[in-house]
Amino acid sequence: MPHAIITGASAGIGEALARELVSRGYAVGLIARRADRLAALAAELRSAGHAAAWVAADVLDPDAMRDAVRALEQEQGPCDVMIANAGVIAFQQPHDYDVDGAVFCWRVNVEGVLHTVDAVLDDMRRRRQGHLVVISSTAAFKGLPGWGVYSASKAAVRVLWESMRVELAPLGVRCTCVDPGYVATDMTANNRFPMPFLITPERLAARTADAIARGETEIIVPFAHRVILALDGLSPRWLSDIVGRQLVKER
Ligand SMILES: NC(=O)c1ccc[n+]([C@@H]2O[C@H](COP(=O)([O-])OP(=O)(O)OC[C@H]3O[C@@H](n4cnc5c(N)ncnc54)[C@H](OP(=O)(O)O)[C@@H]3O)[C@@H](O)[C@H]2O)c1
């Protein structure tokens, strides 16, 4: 049975990925900070006959991440797929930048991915087998007003993936980057601006599982966001700025 480990599995997209992957025959290893939520999800999946284990860990703690992966691998076997999904959002009021919030967002979204990858990479290289999946965002393609640090963190993750997928391919490790548009989770629950083509975490999880199965390198979900990004690329900057300003005004 293949083993997929998912960070940020206590809610939203990570939780949906866990449910989707067990339905496709995976054993899932769940990592996040909220132990109660991980325990409840693992118990529910196990009672439905699936294989699931959990360890509470913070992606900012490299030792805890290595220990968590080791514990999950002892229980369910080597990690075949690692999904670096844990992330946080930070909104910056233009008249009052919150530097601490910005640094925290950057650290969780970028350093957290590095620690997550580090926890499995040696073993994947040794086995010459494995699949790293990073959850970036369509925000990676453009600095969104008010969301600059978040956009920058997701762009960093996407660029990391771009390097890794080429350098790790000869070592037998595949890399997939997932760029979701808006997904209905706790992260977007307080957004007060229109979120075009909002999708459920279940839909994103199903599309991500397809991408893993097919070995796709990058997916933008839903497809309509590909079109939005392409149109934005063709638009004059003044038009793109008018649209972007709505994100700050309507927060
Ligand atoms: N929702 C969207 O529209 C959207 C769009 C594009 C990309 N994304 C990306 O998708 C990923 C998942 O987002 P979501 O919408 O599912 O958000 P969410 O519902 O807020 O869930 C975030 C998950 O990350 C975990 N997490 C946060 N900080 C962590 C840390 N330091 N260590 C370990 N786990 C941590 C949380 O668990 P604990 O609090 O229990 O630790 C939670 O399980 C994020 O990377 C996000 O940037 C989301």
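# Close-up views of a predicted model

**View 1. Asn109, a buried residue of a helix.** Asn109 is buried, with a relative accessible area of 0%. The model shown here and in every view below is predicted. Asn109 sits in helix H4. Its side chain reaches the backbone nitrogen of Val88 at 2.9 Å. The side chain of Asn109 also makes a polar contact with the side chain of Ser153, at 3.1 Å. Which residues does Asn109 touch, not counting those up to four places away in sequence? They are Gly87, Val88, Tyr150, Ser153, Lys154 and Val157.

**View 2. Helix H4 beside helix H5.** Helix H5 covers residues 148-168. The axes of H4 and H5 come within 8 Å. They cross at roughly 15 degrees. An angle under 35 degrees counts as roughly parallel, so H4 is roughly parallel to H5. The crossing of the two helices is right-handed. From H4, the contact is made by Ala102, Cys105, Trp106, Asn109, Val110, Val113, Leu114, Val117, Leu121 and Arg125. From H5, the residues are Val149, Tyr150, Ala152, Ser153, Lys154, Ala156, Val157, Leu160, Met164 and Leu168. Asn109 from View 1 is one of the H4 residues here. How many residues of each class does the contact of H4 with H5 have? There are 16 nonpolar, two polar and two charged residues.

**View 3. Gln92, a buried residue of a loop.** Gln92 lies in the loop between strand S4 (81-84) and helix H4 (99-127). Is Gln92 buried or exposed? Gln92 has a relative accessible area of 7%. Buried means under 20%, so Gln92 is buried. A polar atom of the Gln92 side chain lies 2.8 Å from the backbone nitrogen of Asp98. Leave aside the neighbours within four places in sequence, and Gln92 is in contact with Tyr97, Asp98, Ala102 and Gly146.

**View 4. Helix H3 against helix H4.** Helix H3 is made of residues 62-76. The axes of H3 and H4 come within 8 Å and cross at roughly 45 degrees. That angle makes H3 oblique to H4. The crossing is right-handed. On the H3 side, the residues are Pro62, Met65, Arg66, Val69 and Glu73. They meet His115, Thr116, Asp118, Ala119, Val120 and Asp123 in H4. By class, this contact has five nonpolar, two polar and four charged residues.

**View 5. Helices H1 and H2.** Helix H1 spans residues 12-23, and helix H2 spans residues 35-47. They pack at an angle of about 20 degrees. Their axes are 11 Å apart. The angle makes H1 roughly parallel to H2. H1 passes H2 in a right-handed crossing. Which residues of H1 meet H2? They are Glu15, Ala18, Arg19 and Val22. Their partners in H2 are Arg37, Leu41, Glu44 and Leu45. The contact of H1 with H2 has four nonpolar, no polar and four charged residues.

Key
Residues numbered from 1 in each chain as written. Predicted model: local features only at pLDDT ≥ 70, side-chain atom pairs only at ≥ 80, totals over all residues. Heavy atoms only, no water. Helix = DSSP H or I, 4+ residues; strand = E, 2+ residues; numbered from the N terminus. Buried < 20%, exposed > 50% of the residue type's maximum accessible area, 1.4 Å probe, protein only. Polar contact = N/O pair within 3.5 Å; in protein donor to acceptor, adjacent residues only side chain to side chain. Contact = heavy atoms within 4.5 Å. Axes fitted to C-alpha atoms, helices over the stretch in contact; angles between N-to-C directions. Parallel < 35°, antiparallel > 145°, perpendicular 65-115°, else oblique. Left-handed = near helix turned anticlockwise from the far one by under 90°. Nonpolar A, V, L, I, M, F, W, Y, C, P; charged D, E, K, R; others polar.
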